[in-house]
Amino acid sequence: MSSIRIAIVTNKPDYLGDHYRDWLATIHVTQLELFFHTPSQDIEKRFATCNALILTGGGDFSLESGAYANLSEAQEAKIYNTNSNRDQVEKILLQLALSQNKPVLGICRGLQSLNVFFHGTLIPDISKRLGNRCDPAHTTTPDELAQSGTPDRFHSVTFNSQSNFASILDITQPYTTNSYHHQAIDQLGQNLLATAFAPDGIIEEIVMQNNPKVMGVQFHPERMRKENWIQQWTKNWLKN
């Protein structure tokens, strides 16, 4: 897979965290085209050299983005690290990837970006919305996670038969995934399928109808890169 070149969104200029690099290196993908949040005229030219797109984790969508169906609920929630430039760059990249029929993987915020792109909406804060029904792994804010020194929390995830994991996993049993988010899908976007769920009902995987190589996961596979089932799934996704 050394010939594969991946377009990947970054949180810092010309820098991608070791988690992502080490994860992709486990399947021998080292050619990466980094896209930061500043729109530029060469996005289309640079993306043309890539075989696939990965949207990474990051901050929340702003109140002005249209990502929230209930604006008053969003105004009462804490919204973290918004960046309208990133929203725009990801939208351009998604348009290019879909028009060129290239695989797309959204991770955490990336899943949410996919959902918003397809006219879905987001829950501004899971714990406020679900209350006592909220899984403990979904109750901690980004500030609290950063202060704890152990940002990953864990819960089980159940995949259904339409999941991209179904071909490599025994989906009759749940799997443990990490959790590093306080927002999630509310209304599912058009042409998307919900294919995995946390115990409290939060959507943990989405797949585009009739195009399963366009997908998103709410958890972070790069932080679970040593897990055999994560490595198998990553290889399987890149085969497309």
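The second largest pocket has a volume of about 270 Å³. A pocket here is an open set of points on a 1 Å grid over the protein atoms alone, where a 1.4 Å probe fits, with protein on both sides within 12 Å along at least five of seven lines; lining residues have an atom within 4 Å of a point. Points are joined across faces, edges and corners, and a volume is the space filled by probe spheres set on them.

Keep in mind that this is a predicted model, in which local features need pLDDT of at least 70, side-chain atom pairs count only at pLDDT 80 or more, and totals for chains, interfaces and linings use all residues. Residues are numbered from 1 along each chain as its sequence is written, and side-chain values use heavy atoms, with hydrogens and water left out.

So who lines this second pocket? Among them are Phe61, Asp87, Lys91, Arg109 and His119. (Helices are DSSP runs of H or I, at least four residues, numbered from the N terminus.) The lining divides into three nonpolar, five polar and four charged residues; Ala, Val, Leu, Ile, Met, Phe, Trp, Tyr, Cys and Pro count as nonpolar, Asp, Glu, Lys and Arg as charged, and the others, Gly among them, as polar.

Now for the largest pocket, at about 660 Å³. It is lined by 29 residues, with Asn11, Gly57, Gly58, Tyr180 and His220 nearest its centre. Helices α1 (18–25), α5 (109–117) and α7 (142–148) each give two or more residues, and α1 gives the most, with three. By class, this lining has nine nonpolar, 14 polar and six charged residues.
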